[in-house]
Amino acid sequence: MARMKFYCDAARCIECNGCVTACKNENEVPWGINRRRVVTIKDGVHGERSLSVACMHCSDAPCAAVCPVDCFYTTDDGVVLHDKDICIGCGYCFYACPFGAPQFPQDGAFGTRGKMDKCTFCAGGPEPDGSAEEYRKYGSNRLAEGKLPLCAEMCATKALLAGDAGVISDIYRKRVVNRAAASLEWGARLQRANFRAPDSGTGTETRKGHR
Amino acid sequence: MIAQLIDGPLWLFSAWFFLVVALWRLLVILFKGRPKSLAKPRNAPGGALATIFRRFLPYPEFRKVSRVRFWAGYAFHVGLLALLFFAAPHVEFLSQRVTGFSWPALPHWAFEVAAELALGGLLFLALFRLMDPVTRFISSTGDHLASWLVFLVMLTGCFALWRSHESLRLLHLFLAELLLIYFPFSSLMHALTFPFSRGFTGAVYHRKGVNI
Amino acid sequence: MSFRPPPCRRVTRSGWICWVLLAGLALLVADLPAAAPSHDKPSAKVDDPGTDLWRFVRRRAPELRSLAEKGAIGPVTTQVKGVDTSVLINDKGQEWRLYRHRMLIPISAIVLGTVAVLLLLLYLAVGRRVPDPRETGKRLLRFVAYERTLHWFMAAIFLFLGVTGLTILYGRPLLIPLVGKESFSAMASASKEGHNLFGPLFLVSLLLFLQRFWRRNLYSRGDLRWLIRLGGLLGGDSPPAGFFNMGEKMLFWLLIAVGLLICASGLVLLFPNFGQGRLLMEGAHLIHTLGAVLLLATIMAHIYMGIATKGAMDGMKGGYVEYSWARHHHREWADEEEKKGRVLSEEEVRRRFGEARKIGVPEREAGT
């Protein structure tokens, strides 16, 4: 049984937003909704890093826990999906989710929420796999076709990885080993440097040897 | 099964029933004509039209005392009319099932404002009808039934907002069909007869020289 | 105060009702863990590099944000437009989740359930209190039609909001097992839309209430004495009070203050399109729910008093109260009205209500 995960390698992400575009196109996402977004820290200064964020398909998903109508379910692949026929658009999942994954279509100036929309790991919804109804509500179901999410498949620098947690861990581990060999240092720091508290100073400078 | 009944035959029946009976009642009223007045005419014929419009405002004597009912009444009636004919789902429904052509609908925010006005106004007026000794005295059971039925139709309509659940839409439609069937027998007919009653009063009293 | 002992048969039946309620409450509390996510998928330790990365992100995110705001480092940006899109991680969501599931749902169930059961027990034990059994046959006009309408207008809206709100709050542990997900989804959707539409009307009714009643609810002399003696609850005669006693005044100002808070926080939640972030909405939800539970418990007591005190509801039904009731509960007001000559006979009141058709069209009440 696979456990599907995304991983974004911040050392590789070049903030091209290719994943965002690929997702929007593949899934015909409604206006005003982006299931995936790229966030850049230290934009334009030394130590800039970007991360592509979408639903992380949590094992203990907060959205599923707080949903008042219990519309979420986890597939055998560990993908967190929801049923739009049950969803009432209350917005609680948006409050609870740490990653800001749930999105809501809004109409005009009176911002009543429509039904929630979020990344499906390109796995569709509860309707029969590949049906037109499923595509209309949730976008494409690439997983059923044996393909991985398009955002990761399209990633030019292969920063965004999607797949079974074990597999992407192995890929990442190899990268880290290579980087460590190159910089003669524990390469994970490259990855973590900018999200970790600095040992000293204000965080404006990165430590030597981290570039 | 029930869904098909509500969405199909019952809708057709109630719509035709409403049309035929309401039209029949109107025709009866029209063909009755005016009783012959024996009074000496003090004015040239006319005065009906003026009264029809003058009655949109309360008498000056009652303006202060009926202030709340005036505003609640207008909120309800204007809101309801806007909802009935210009709410997007209604425009879609009516254009597909009744007219065959479409017309511009209200934006969603105006739809909701209209719903607030209509719901608030009607709830207030229906309760006032129960609470005020005068309106309670002159209201029949049918009047109370009519106002609460309209309220229920509007309430289920707001439940069915966004057409998220077919069952809620059907509930709204079902109550609307009941209302259509009840409409011609109730005081709700005033929606169609008010120009005649006002015009009649206006014409009769204008002839007698009373400016009413 | 005369207590009417309830007949035996009623006690057994009512005891049964209480047991059902208590059992329901126990079931509710026992069922609450079901609201927490069920781990039907094995939460095996998966070797996920993302765990470490996001742990660092979470630890550093607030610091990075404040540094970016100070301009010490470059800004945190994203090209995706929307609310909070440049926030990498929001760990307040977890706190909100814990608040809703560990505190709000169980504690509000216990509070509301306990208040309801206690009031019911009190009602069954004491029955309807008759403050002054003497029927004088004299009546006083307490509330004119507009005020009564306003009261029931607000009451209807409040009850509707309470029912729809509690449906959304307790529906998942209580109603989904009964009616299934699909039916409950329709119920919850109706509740949500109804709650959203009637919320602003509650604000309107609250403001109309404030405008109509604020003056009569100002503190006046003797109110403190009334409060110290708890309105005669400790025994002895009811302390004298004006048009409203201190209890009613406290209810009024609590309703206005908490009601306005609920409305303000509700509007924050109702219009998610003005760019308010999740933090504000989570806080608004906190205030909204705390206020709602407080008001619901208070209004339960208000309803109890209206039903349990004989004669108290009359003022809100027909507008006229029995003179002995007024003397007992609002002595100063009753004496004042008497001085003004506004005490009416029962026949006069009946005539005004036009109960007998032969009397003809009734006169309008004064001051409507």
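This is a predicted model: local features need pLDDT of at least 70, side-chain atom pairs count only at pLDDT 80 or more; totals for chains, interfaces and linings use all residues.
View 1. Starting at the N terminus, you pass through the elements in the order β-α-β-β-α-β-β-α-α-α-β-α-α. Chain A has 211 residues, and 61% of them are buried (buried means under 20% relative accessible area with a 1.4 Å probe, protein chains only). Take the contacts (heavy atoms within 4.5 Å) between residues of chain A at least 6 apart in sequence: 55% of those join residues at least 24 apart.

**View 2. Here is chain C, 368 residues in all.** In chain C, 46% of the residues count as buried. For contacts between residues of chain C at least 6 apart in sequence, 77% link residues at least 24 apart.

**View 3. This is where chain A touches chain C, with 70 residues of chain A in contact with 63 of chain C.** The two chains bury about 5,700 Å² between them, 61% of it on carbon and sulfur atoms; that area is the accessible area (1.4 Å probe) that two parts lose on being put together, summed over both. There are 19 residue pairs in polar contact between chain A and chain C, both residues at pLDDT 80 or more. A polar contact here is a pair of N or O atoms within 3.5 Å, where within protein one must be able to donate a hydrogen and the other to accept it, and residues adjacent in sequence count only if both atoms are side-chain atoms. Elements of chain A that each supply at least two residues to this side include strand S1 (4-8), strand S2 (37-41) and helix H6 (165-183). S2(A) gives the largest share, five residues.

**View 4. Zoom in on Asp70(A) and Arg172(C), whose side chains meet in a salt bridge.** The N to O distance is 3.1 Å. The rule asks for a side-chain nitrogen of Lys or Arg within 4 Å of a carboxyl oxygen of Asp or Glu, and it finds three salt bridges across the interface of chain A and chain C.

**View 5. One open sheet takes strands from both chains, in the order S3(A)-S2(A)-S1(C).** The pairing is antiparallel; strands pair if DSSP finds at least two bridges between them. S2(A) and S1 (residues 77-78) of chain C share two bridges. Val39(A) has Thr78(C) as its bridge partner, and Thr40(A) stands opposite Thr77(C).

**View 6. Another open sheet of three strands lies in chain C, ordered S3-S2-S4.** Its pairing is antiparallel. Strand S3 (320-322) and strand S4 (344-345) stand at the edges, each with a single partner strand, so one side of each is left without a neighbour in the sheet. S2 (residues 138-141) pairs with S4(C) over two bridges, and Arg139(C) has Leu344(C) as its bridge partner.

Conventions:
Residues are numbered from 1 along each chain as its sequence is written. Chains are lettered from A and ligands numbered from 1 in the order in which they are written. Side-chain values use heavy atoms; hydrogens and water are left out. Helices (H or I, at least four residues) and strands (E, at least two) are DSSP runs, numbered from the N terminus. Buried means under 20% relative accessible area, exposed over 50%, partly exposed in between (1.4 Å probe, protein chains only).
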